[in-house]
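Subject: Structure handover and notes

Hello,

Please find the structure below, followed by notes on what was found in it. Cut-offs are given where each term comes up.

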Amino acid sequence: MKTIILLAGIFIVGILLPEPVTSQNCKCARNMCCSKYGYCGTGPAYCGKDCRGGPCSQPARPNNANVAGIVTPTFFNRIVAKSGPRCPGRGFYTRDAFLKVIKGYPRFGRSGSLADSKREIAAFFAHVSHETRNFCYKEEINGRSRNYCDRTTKQYPCNPKKSYYGRGPIQLAWNYNYGAAGKSLGFDGVNNPDIVARDPVVSFKTALWFWMENCHWDFASGKGFGATIRAVNGKECGRGNPRAVSSRVAYYIAYCKQFGVKPGNNLRC
């Protein structure tokens, strides 16, 4: 009898208690989201990608844009054709490798309208074209003289025998990026960063990984091409390197024109 009364009491208390708030782990107010970094707030930065609790917004389902139909052999080969025949990246970066990789990223180039999809693809290849000089380089120019080791990163401590200069289509750099990319993609980025410049599939995987982690959400939220420049190389913004910013923007506008879409606003960072 006492057991029945106790259970009934627990049931009644459960009814009377307020609705659970999933963001309580971050101690956020009921109407606020807990971001992936553990901060409370509202808007895409808090309620968007990797939101940990609260009224997180669910990303829209991917549209039916045909990325392979947008990144045609003609489009890809036009970029390659601008690099010299002796470029180390010529023949390394292939459309087949790119198409193989995007199967693992179903949201890339498939958010919003078809025009939005084309703009995102144009933005990605604008950065790739600038970073690699039209698929000429697999590694950062004079990169071996720059280690890019952040010794404060305890999760991915540097291997003293390795260097973390830029490699691949987006020129992945720093030990924390190699470590995080490797953990996500299944390779040892800290102890084997060179694979990004040796394996074209891994190379494109790191580029798409970086894009989806750092650029896709802002671009899909309408922040414009300028936000992606800040994500890829924020040091260029402001008075940092306006010529580099102009180069990226020029590529983006040109690719948008090829795809038959307007580039939108907020082009510079």
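The axes of helix 4 (residues 73-81) and helix 11 (residues 242-259) come within 12 Å of each other and cross at roughly 150°. Helix 4 is therefore roughly antiparallel to helix 11, and their crossing is right-handed. On the helix 4 side Phe75, Arg78 and Ile79 take part, and they meet Tyr255, Gln258 and Phe259 in helix 11.

The terms used there are as follows. Helices (H or I, at least four residues) and strands (E, at least two) are DSSP runs, numbered from the N terminus. Axes are lines fitted to C-alpha atoms, for helices over the stretch in contact, and angles run from 0 to 180 degrees between N-to-C directions. Angles under 35 degrees count as roughly parallel, over 145 as roughly antiparallel, 65 to 115 as roughly perpendicular, and the rest as oblique. A crossing is right-handed if the near helix is turned clockwise from the far one by less than a right angle, and left-handed if anticlockwise. Contact means heavy atoms within 4.5 Å.

On provenance, this is a predicted model, in which local features need pLDDT of at least 70 and side-chain atom pairs count only at pLDDT 80 or more, while totals for chains, interfaces and linings use all residues. Residues are numbered from 1 along each chain as its sequence is written, and side-chain values use heavy atoms, with hydrogens and water left out.

Helix 6 packs against helix 8 (residues 200-214) at an angle of about 125°, the axes being 12 Å apart. This makes helix 6 oblique to helix 8, and the crossing is right-handed. Glu120, Ala123, Phe124 and His127 of helix 6 make the contact with Ala207, Leu208 and Trp211 of helix 8.

Helix 6 itself has 19 residues and reaches 27 Å from its first C-alpha to its last, close to the 27 Å expected at 1.5 Å a residue (the expected span is 1.5 Å times one less than the number of residues). Of its 19 residues, 16 are buried, so helix 6 is largely enclosed by the rest of the structure. Buried means under 20% relative accessible area, exposed over 50%, and partly exposed in between (1.4 Å probe, protein chains only).

Glu131 is in helix 6 (residues 114-132). UniProt, in an unreviewed entry, places the feature "active site" at Glu131; UniProt positions are in the numbering used here, feature names are shortened, and annotations may be inferred rather than shown by experiment. Glu131 counts as buried because its relative accessible area is 16%. Not counting residues up to four places away in sequence, Glu131 touches Pro169, Ile170, Gln171, Val232 and Arg248.

Most residues other than glycine have a negative phi. Arg133 is partly exposed at 43% relative accessibility, whereas Asn134 is buried at 9%. Arg133 and Ser83 are 50 residues apart in sequence and 7.0 Å apart in space, C-alpha to C-alpha.

Regards
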